[in-house]
Structure formats: structure tokens, C-alpha cells
Amino acid sequence: MKFPIYLDYSATTPVDPRVAEKMIPYLTEHFGNPASRSHLFGWKTEEAVEEARAQVASLVNCDAKDIVWTSGATESINLALKGAAEFYKTKGKHLITVKTEHKATLDTCRELERRGFEVTYLDVEPDGLLDLGKLEAAFRPDTILVSVMLVNNEIGVIQDVAAIGAACRKRGALFHVDAAQATGKCPIDLQALKVDLMSFSAHKTYGPKGIGALYVRRKPRVRLEAQIHGGGHERGFRSGTLATHQIVGMGEAFRLAKAEMATDNERIRALRDRLLAGMQGIEEVFINGSLVHRVPHNLNISFNFVEGESLIMAVKDIAVSSGSACTSASLEPSYVLRALGRSDELAHSSIRFTLGRFTTSEEVDYTIQHLEAKVQKLREMSPLWEMHKEGIDLASVQWAAH
Amino acid sequence: MAYSNKVIDHYENPRNVGSFDKADQSVGTGMVGAPACGDVMKLQIRVNSQGIIEDARFKTYGCGSAIASSSLVTEWVKGKTLEHAGTIRNTQIAEELSLPPVKIHCSILAEDAIKAAIADYRKRHGVEAPAPVQEKKAATG
């Protein structure tokens with residue numbers, strides 16, 4: 001076993017060696033600008049870019065012409081939300097999203113509010129899922145766009161985007177889906193889904209960092225105001241010379257995801273369930289988010305009476321996070337767990353384990369043993385655990401907040 | 001977050017973890033902080049007839065810096081009179097452990113825990129606290 005053990009695949013994944021191998025010739029040998037129409041160098045790379053576009057489209061069952069390259073999911077989300085809001089602002093100025101979305105969505109919505117748009121942030125149920133009735137009730141005549149993530153980055157729950165998309169279509173609102181955490185984890189069929197815009201990232205699916213894509217539906221046609229101007233690449237949606245090697249990497253990563261998703265997910269699900277069973281042997285643990293509507297590689301657990309940061313420090317042989325990578329430097333408890341209605345204590349006590357293609361059963365077994373021992377050690381040190389064992393209800397204690 | 005070696009040492013080998021019997025007349029108990037804030041410290045002192053702290057124990061729910069701060073103060077209070085122990089300041093704790101600015105509150109909590117334990121002991125013995133030591137209170141970041 002190699003230490004530390006990597007169980008943070010939702011933060012990022014290693015590039016699959018097969019992907020890296022496919023990328024290398026496009027750095028040195030096939031270096032042409034895909035926009036060069038006048039010679040073989042450009043023709044060669046344009047061909048590679050279009051092959052990758054078809055590979056990405058194939059994983060999510062859409063037309064390759066619907067795929068626009070970007071620098072990653074954050075840029076895709078910015079283009080989708082700002083681009084649609086600015087284009088359709090004469091039709092309405094109201095958007096709907098969810099409190100547990102990634103910061104890329106929430107912060108973009110805050111910017112749109114500064115520009116005069118109005119945004120409704122919906123609550124989720126205690127299992128992390130959106131209640132369709134609450135969405136229906138939030139629609140206004142001037143609602144132009146709804147944005148919901150397919151798979152949550154912290155708790156891994158899968159939203160019912162088929163039903164949400166149908167509701168949006170009925171109301172005449174566009175529907176954007178952040179699918180950064182979903183590709184290769186759950187099937188996506190854009191022919192069947194009523195989704196107008198969908199954001200993708202390569203590095204969460206064993207591709208390179210710095211490349212992503214936005215699906216922009218053409219039938220019925222979705223219009224966007226470009227956010228980056230220049231040479232008019234990507235049908236004018238996103239100017240800038242295409243990063244051929246990155247694009248080739250994303251295409252190969254998505255091709256592998258499609259080919260291996262079924263077997264990969266079964267194997268990872270078995271490992272996750274093994275980890276779950278091991279953790280459930282520890283007293284006072286709470287699983288955050290629905291276990292039914294959830295991707296197979298995610299386990300988010302709160303260890304009651306143990307503080308999350310000290311636990312992460314204790315398990316330094318295991319690379320995990322207490323929330324999303326973007327917020328793990330802050331002292332605030334996870335806003336996603338708070339949105340589930342978890343108490344501050346439980347939100348402070350959470351760890352996210354995310355497994356992946358290269359996780360082994362030995363690593364999982366080591367993690368269980370290690371966690372059990374460290375949780376026990378920290379609880380022996382915890383005055384809250386002592387009080388709990390003495391039968392004191394912590395909620396009845398008058399704490400001096402500081 | 002990068003911790004200093006002293007924090008890591010106290011965190012990995014905490015000194016004086018445990019509890020004394022709260023009902024024991026020679027024991028003073030201080031409990032400070034709140035679970036919702038992510039830190040709770042319990043500090044106990046055992047005081048002899050000469051008013052000297054003979055032994056100390058702690059239990060802490062909190063981050064590595066909070067655990068290290070409480071572990072350190074159990075070492076510092078031992079052998080001190082109540083008056084002397086009461087002069088330990090958070091700035092000394094933060095300096096000894098090289099705490100980063102976002103962790104200064106851990107040292108403040110440790111100082112509060114000592115004061116609470118001393119106050120508890122005095123209250124139980126009906127002893128009035130002597131006039132406060134004339135020293136400017138350290139800044140509480």
C-alpha cells in the first residue's frame with residue numbers, strides 16, 4: 001500500500017495513464033492550431049478536436065455540435081448562467097437555484113443579483129434532495145432559468161433532473177445542470193432529458209485539469225451572450241485558441257468513462273459499502289444525505305463528539321476532506337450539511353470519503369481500522385463524549401458561546 | 001493548514017488527558033466553549049493544602065490547536081500557586097505554540113479554562129479571590 005491513501009476523488013482524480021499517453025503527441029508532434037485551415041498541421045489537430053467532441057457527446061448522448069469547449073466546469077457554469085441571463089433579460093429577470101449548489105453556481109448567482117437579477121435559493125429536504133413541489137411553487141411568470149446540480153460534490157446525492165427538467169419546460173424556463181461530479185458516475189441521456197445547458201469538467205473523470213465543456217441545446221435552440229470575446233471560436237460562444245492536448249485528454253477520459261462505467265461503478269460501490277459497513281461499527285455515526293439516490297463512490301459521515309479538523313489531522317495517512325476542497329481552509333462548518341438541517345456539532349464533525357478507479361480493498365480496510373482507532377482516541381479526549389456517556393443531554397446544557 | 005511542530009507534538013502525545021472526580025474537595029473544574037462553535041475545553045486542577053496546583057487534567061473537543069493549547073496549560077499550571085496560574089495569558093500560549101492568527105481563539109479558550117477552574121476551586125472553598133494582579137490583560141484577538 002502507498003501512503004497517504006487517496007480518498008478524495010471528488011476533489012480531483014489522477015489522469016488515467018491511458019489518457020496521459022494519448023495527450024502527449026499533441027504537445028510536441030501534433031502542435032498545430034486547430035483553427036489553421038490552410039495546412040496539414042491545423043487539419044490534423046482539428047480532426048483530433050472533433051473526435052474528442054464526439055467522444056464527450058457520446059457519453060451524454062447528445063449531438064457533437066452541441067458541445068462547446070471551456071476551461072472547466074466553473075467557466076461552463078459562468079457562461080451558462082450569465083450568458084443565458086444576459087440574453088434573455090428582456091423576457092424576465094428571475095432565476096431559481098438550490099442552497100446546496102457548488103460555489104461556482106452560488107457565486108455566479110450573487111453576481112447576477114448585483115447586476116439586477118433576482119434569484120430564489122431553494123432549501124433541500126433532510127436527505128439532500130429537492131422537493132419538486134417547492135420548485136413548482138418558486139416559479140414566477142418572469143423566471144428565465146433554473147440551475148440544479150446533478151450530483152452534489154459533498155454528499156453525492158443525485159437530483160431528479162428528469163422531473164425538474166419537465167417542470168421547467170412546462171413553465172418555459174431554461175434548465176441548466178451542473179454535471180461536473182456526475183460524468184462516469186451515473187448515466188446521462190440528453191436525448192431523453194429536458195435539459196438546455198449542462199456543464200462538464202474533465203479532471204473529476206480521470207482527465208486533465210483546465211478543460212471542460214458546456215452542452216448548449218440547439219433544438220429547441222438556446223441562445224447565450226458570449227462572456228469571452230475574440231476570434232469567434234466555438235460558434236462564437238467561447239473565443240480562444242483551443243487547447244488541443246487538453247481536449248484530446250478530455251475526449252479519451254470520457255470515452256473510457258463510457259466504456260468502463262458499468263464495471264467501475266459496481267466495483268467502487270462494493271468498496272464503498274464495505275467502508276460504510278466498517279464505519280457503522282462505530283458508535284454515534286451519522287450518514288449525511290440519501291443513501292438511495294447517491295453516486296456509488298461517495299460516503300459523507302459525521303462522527304458525533306469528534307471535531308472534524310482534528311480528525312482529519314489524526315488520519316494523516318488518509319487524504320480526505322471535511323467538505324469541498326474549496327472550503328476546507330475555512331473554519332465554517334459545511335453550508336451543505338447546514339442546509340440538510342444538521343446541527344452545527346454534526347456539521348463540524350463530518351468527513352467526506354470519495355473512492356475511485358484506483359481504490360483497493362486493502363486501502364478501504366486500512367481506512368476502517370485507522371478511523372476506528374483515531375475516533376476512539378479523540379473521543380477519550382472529548383468532554384462531550386464523556387458527558388454523553390454520563391447520560392447528559394448536550395442540548396440541555398447552557399453553553400457559553402464564544 | 002500547516003501546524004508548528006509543538007502543536008503536532010502536543011496533539012499526537014497529549015499530556016494529562018483525563019478527568020478527576022468533580023466532587024473531590026481538592027479539585028476545581030472549568031468548562032468553557034460551545035459545541036456549536038467547534039470548541040469545548042474541560043480543565044481540572046488538584047490543589048494541595050498549601051494552595052499549590054499539584055496535578056491537572058484536560059479533555060478537549062476541538063481542532064488540533066485547541067487540543068495542543070489545553071495540553072500545554074496542564075503542564076504549565078502544575079506546581080504553581082492559584083495566583084500564579086491565574087496570570088497565564090493567551091499570548092504566552094499562542095507564542096509557545098506558534099499559533100496562526102485564525103487559531104488565536106484556541107489560546108484564549110485555554111486561558112479562560114484555567115480561570116474557570118481556579119474560580120470553581122475558590123468558590124467551593126469559600127475563598128475570596130485576592131485582588132486582581134495589576135497587569136494589563138493581553139489582547140484577545
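## Basis of the model

The model is predicted, and local features need pLDDT of at least 70, side-chain atom pairs count only at pLDDT 80 or more, while totals for chains, interfaces and linings use all residues. Residues are numbered from 1 along each chain as its sequence is written, and chains are lettered from A and ligands numbered from 1 in the order in which they are written.

## Chain B in outline

Chain B holds 5 helices and 3 strands, in the order α-β-β-β-α-α-α-α from the N terminus. Helices (H or I, at least four residues) and strands (E, at least two) are DSSP runs, numbered from the N terminus.

Chain B has 141 residues, and 47% of them are buried. A residue is buried if 20 or more other C-beta atoms, placed from the backbone, lie within 10 Å of its own.

## The sheet of chain B

The strands of chain B form an open sheet in the order S1-S2-S3, with antiparallel pairing. Two strands pair if DSSP finds at least two bridges between them. S2(B), residues 39-47, is joined to S3(B) by 8 bridges; Lys42(B) has Lys59(B) in S3(B) as its bridge partner.

Helix H2 (residues 64-77) of chain B packs on this sheet and touches S2 and S3 of chain B, with its direction at about 175° to that of S3(B). Helix H5 (residues 104-124) of chain B lies across S1 and S2 of chain B, at about 145° to S1(B). Such angles run from 0 to 180 degrees between N-to-C directions, with axes fitted to C-alpha atoms, for helices over the stretch in contact.

## A sheet in chain A

Chain A also has an open antiparallel sheet of 3 strands, ordered S9-S10-S12. Strand S9 (285-287) and strand S12 (350-354) of chain A each have a single partner strand, so one side of each has no neighbour in the sheet. The average twist from one strand to the next is 25°.

## Nonpolar cores

A nonpolar core is a set of buried Ala, Val, Leu, Ile, Met, Phe, Trp, Tyr and Cys residues joined through C-beta atoms within 7 Å. The largest has 84 residues, and Val177(A) is among those touching the most other members. A second, separate core of 68 residues includes Tyr9(A) and Ile118(B).

Terms used. Buried ≥ 20, exposed ≤ 12 C-beta atoms within 10 Å, placed from the backbone. Contact = placed C-beta atoms within 7 Å.
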